[in-house]
Amino acid sequence: MKKLLLSAVVAGLSAFGANAQEFPAKDKTITIVVPFAAGGPTDRVARDLAEALRKPLGGSTIVIDNAAGAGSTIGNAKVARATPDGYTLLVTHVGMGTTPVLYRKLPYNYETDFEYLGMINDVPMTLIGKPQLEAKNFAELRAWIAKNSGKVNLGNAGIGSASHLCGLLFQSELKTEMTTVPYKGTAPAIADLIGGQIDLLCDQTTNTTGQIEGKKVIPYAVTTLKRLNTPALKDIPTLDESGLKNFQVTIWHGMYAPKGTPAPVLKKLNDALKAALKDPEFVKKQEGLGAVVVTDKRVEPAEHKKFVQAEVARFGPVIKAAGAYAD
C-alpha cells in the first residue's frame, strides 16, 4: 500500500514538473486581468505588454480581461483566486501598494496571495494649476497657498486615484490642508481646472502633457527626482529641486500571478517580462504615453515585492492621517 501511495505521489510530481516545463502550452491562452476599464492608462500598458510578451512566450495567445470595479480590488481578487498555473496573470498599477491602506477589508492579502513577477514602468506626475492663477512658478505658488490657507481647492480623479494620493502627499509635505474635490475621473477634473472651478491638480503625464503643450494650464512641477526628457515637460522643475526634498510619486505598473504558481513557470514569465521590457516597439509605445520602462532591480520578483511593501509603508500614514478610506 505504501509503495502504491509513493508511486502515485512520484507520478503526480513528475506530471506537475512536466507541465511546468511545457509552459506555455501551445493550445492554451494566457489571460492578463486588468482591474480597470478598457481604454484607460493601465489597460493600454497591459495591451502593449501583451504584444511584447507573445514572442518570448513562444507565440502564445494572450488576451486582456478588464475586471474593473471597487478601485481595482475586484480584478485583484479574481487573480488571487485563480488556478496557479501561469495562465491567469494580473497587470495593475500603484494601487497594489495603496489598496491595503485605502480599504480596511480586502478579499485578498497583497503579500501572501500573489507571486510578484516584476515591475513594468514608471509614469511621472505633474502639478498643474488653473490658467487664471497669478502664481507663475512653484515659489510663487507656495506663497499663494500660504496666503490663501483654507481656501485652495485641490481636485482629484476620485478617492484612491493617483491624483488623490499625490494630493495627499503634497498637502502633507506643505503641512497645510486644502479643500479636496473628488471627480469621477481625470477628464472632468481637468475640464474644471481649465474652467477655473478648482485651483490645482496633480495627475500623471499621460493625462496632462497635452494640456501643458496647449498652454491650457500652468505647469508648476513634476514629481520625479530628475527632470523629464519629454520635449513639452523638459523645462518643468521637480518638486524636489523646488524645495520639497525627496518628493517623488510615480504611477508604476507591475505584473503578478496567483500564489502557488510553480517556480519554473514563474521563471519563464519573469524572463519573458524582462525580454518584453527591452522590446524597442514596447519602449517606444511607453515613451509615447509619457512612461519610463523600468530597467533597474525592480524587474526582479523579490525586489519588486520589497518596493511594493515600501509603498504601503509610505502611503499608509498619509492616508490614515487624512482618514481618506475608500470603504
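## Exercises on a predicted model

Begin with a charge over a ring: R104 lies over the face of Y325, at 4.1 Å from the ring centre, where a charge counts as sitting over a ring if NZ of Lys or CZ of Arg is within 6 Å of the ring centre and within 35 degrees of the ring normal. The model is predicted, so local features need pLDDT of at least 70 and side-chain atom pairs count only at pLDDT 80 or more, while totals for chains, interfaces and linings use all residues. Residues are numbered from 1 along each chain as its sequence is written, and side-chain values use heavy atoms, with hydrogens and water left out.

**Exercise 1.** Find the ring that has R298 over its face, and give the distance from the ring centre.

*Solution.* The ring is that of F307, and R298 lies at 5.0 Å from its centre.

**Exercise 2.** Work out whether the span of helix α9 agrees with its number of residues, and say where its buried residues lie.

*Solution.* Helices (H or I, at least four residues) and strands (E, at least two) are DSSP runs, numbered from the N terminus. Next, take buried to mean under 20% relative accessible area, exposed over 50%, and partly exposed in between, with a 1.4 Å probe and protein chains only. The buried residues of α9 are V265, L266, L269, N270, A272, L273, A276 and L277. Seen down the axis, these buried residues fall within an arc of 160°, so they line one face of the helix; the arc is that of the directions from the helix axis to the C-beta atoms.

**Exercise 3.** Describe the aromatic pair of F23 and Y87, and explain which parts of the chain the pair ties together.

*Solution.* Rings of Phe, Tyr and Trp (its six-membered ring) pair if their centres lie within 6.5 Å; planes under 30 degrees apart count as stacked, over 60 as edge-to-face and the rest as tilted. By this rule there are six aromatic pairs. The pair of F23 and Y87 is edge-to-face, with 5.0 Å centre to centre and 65° between the planes. F23 lies in the loop between α1 (2-22) and β1 (30-34), and Y87 in the loop between α3 (73-80) and β3 (88-93), so the pair ties together parts that are 64 residues apart in sequence. Both F23 and Y87 are buried. The peptide bond from F23 to P24 is cis, with omega near -5°, whereas most peptide bonds are trans.

**Exercise 4.** Which strands stand at the edges of the open sheet of six strands?

*Solution.* The order is β2-β1-β3-β10-β4-β11, with mixed pairing. At the edges stand β2 (62-66) and β11 (292-293), each with a single partner strand, so one side of each is left without a neighbour in the sheet. Five bridges join β1 to β2, which run parallel.

Key: Expected span 1.5 Å × (residues − 1). Pairing = 2+ DSSP bridges.
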